[in-house]
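Please read this briefing with the sequence and the 3D view side by side. It goes through the chain topic by topic.

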Amino acid sequence: MEQTDNLTTLQVNEAEAGQRLDRLVSASMPDLSRTYVQQLITDLHIRVNGRGAKASLPVQIGDQIEIYLPLAKPTDIVAEDLPLDVVYEDDDVLLVNKAAGMVVHPAPGHTNGTLVNALLYRYPHLTTSGDLRPGIVHRLDKDTSGLLVIAKHDQARMVLTEQQMARRMHKKYLALVEGHWREPTGTIDAPIGRNPNNRLRMMVTPEGRYAVTHYQVLEVLGPYSLVRATLETGRTHQIRVHFSYRNRPILNDALYGHRKPKETFGIERHFLHAYHLGFRLPSNGEWRSWEVPLPAELEKILTTLRTRYETIVYPDPEIEPLV
């Protein structure tokens, strides 16, 4: 899949041949609803081999599909009064604890209910920089909860982006994974790229981008392990891909976990939470860091496992021992 601004080009492979055009496009571009894809086809914004087509067209191997997305304007984003858990705020930045299930920013065909919609309701003068992601410096997956920083103006956004690109922004996550690690600490250094057979998924591949995740096992709970993951890079789905690559998928990860997990503990999300974020404030360069606890539904799973199994707790090197 190639993408430049608002034009995306897909080439149909063997596994995709025979699918309906609208089904393939909506599966390949999950931010687009199938209804929106059908409207794009009707409006001739989606072409097959340079020609208009019906939504029901069965695609063939080698077909070139061009998807032209009419760009929405920042003024088209609707401000919505949605719950927003603000952890810290000053004149430059805003820290929020994002709930699982909330998409970070709007996309064509998915313009409501996002974090950006909520931000614009509470901060109507938030700088948009001409795009649909006003103030967004980094993202979390829809079903990942935890800390996100938002820049209130372009200068703050530039400062934060520079820190992120220089890998000076600290991001730490808690994950419950299936299985045990041979060593309680380690580093996964494996490049990540898009899976050519499933465009929804990323994968470890030599052709991918440099990606490094450090991990520390905090607790073994029966057949599961509670792990802290520290990002050195920030690739799409990085922790989920790296842990699955090591055969330690995150609990209830629908994309990278087992098709039929032994247990889901009643949650409809994966067990991944961005609990720690640290960076230098744009105003004065002061280093600050914040932490938020696990959401109640994730903490409940740990309580259940600690009751069910005899657990093993590893010393946490980040906590100084009492003398």
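## Lys-172 and its strand

Lys-172 sits in strand β9, which covers residues 170–178. This is a predicted model, in which local features need pLDDT of at least 70 and side-chain atom pairs count only at pLDDT 80 or more, while totals for chains, interfaces and linings use all residues. Residues are numbered from 1 along each chain as its sequence is written, and side-chain values use heavy atoms, with hydrogens and water left out. Helices (H or I, at least four residues) and strands (E, at least two) are DSSP runs, numbered from the N terminus.

- Lys-172 has a relative accessible area of 12% and is therefore buried. Buried means under 20% relative accessible area, exposed means over 50%, and partly exposed is in between (1.4 Å probe, protein chains only).
- Not counting residues up to four places away in sequence, Lys-172 touches Arg-228, Ala-229, Thr-230, His-273, Ala-274, Tyr-275, His-276 and Glu-318. Contact means heavy atoms within 4.5 Å.
- Lys-172 and Arg-228 are 56 residues apart along the chain, and their C-alpha atoms are separated by 6.8 Å.

## Strand β14 and its partners

- Strands β9 and β14 pair in the antiparallel sense over 7 bridges. Two strands pair if DSSP finds at least two bridges between them.
- Tyr-173 has Ala-229 in β14 as its bridge partner.
- Strand β13 (residues 212–221) also runs antiparallel to β14, joined to it by 8 bridges. Val-220 stands opposite Ser-225 in β14.
- β13 and β14 form a hairpin with 2 residues between them, and Gly-222 in the turn has a positive phi of about 60°.
- Why is β14 described as largely enclosed by the rest of the structure? The reason is that 7 of its 8 residues are buried.

## Asp-141 and the histidines

- The UniProt record, an unreviewed entry, places the feature "active site" at Asp-141. UniProt positions are given in the numbering used here, feature names are shortened, and annotations may be inferred rather than shown by experiment.
- Asp-141 lies in the loop between α3 (115–122) and β8 (145–151). Asp-141 counts as partly exposed because its relative accessibility is 21%.
- Leaving aside neighbours within four places in sequence, Asp-141 is in contact with Lys-98, His-237 and Arg-240.
- His-237 is in the loop between β14 (224–231) and α5 (238–245). Its relative accessible area is 16%, so His-237 is buried.
- Besides Asp-141, His-237 touches Leu-200, Met-202, Leu-255 and Tyr-256, again not counting residues up to four places away in sequence.
- His-270 is in the loop between α5 and β15. His-270 counts as buried because its relative accessibility is 4%.
- A polar atom of the His-270 side chain lies 3.4 Å from the backbone oxygen of Asp-143. A polar contact is a pair of N or O atoms within 3.5 Å; within protein, one must be able to donate a hydrogen and the other to accept it, and residues adjacent in sequence count only if both atoms are side-chain atoms.

## Helix α3

- Helix α3 is largely enclosed by the rest of the structure, because 6 of its 8 residues are buried.
- Which residues of α3 are buried? They are Leu-115, Val-116, Asn-117, Ala-118, Leu-119 and Leu-120.
- What covers these buried residues includes β7 (93–98) and β8.
- Thr-114 caps the N-terminal end of α3, with a side-chain oxygen 3.3 Å from the backbone nitrogen of Val-116.

## Nonpolar cores

- A nonpolar core is a set of buried Ala, Val, Leu, Ile, Met, Phe, Trp, Tyr and Cys residues joined through side-chain atoms within 4.5 Å.
- The largest core has 55 residues, of which Leu-115, Leu-119, Leu-176, Phe-243 and Phe-271 touch the most other members.
- This core draws at least three residues from each of domain 2 (72–166) and domain 3 (167–322); the domain bounds come from an automatic or database domain assignment.
- Apart from this core lies another, of 17 residues, among them Val-12, Val-25, Ala-55 and Val-59.

## Positive phi angles

- Most residues other than glycine have a negative phi.
- Leu-44 is not a glycine, yet has a positive phi of about 65°. Leu-44 is in the loop between α2 (34–42) and β3 (46–48).
- Asn-247 also has a positive phi, near 60°, and is found in the loop between α5 and β15 (272–280).
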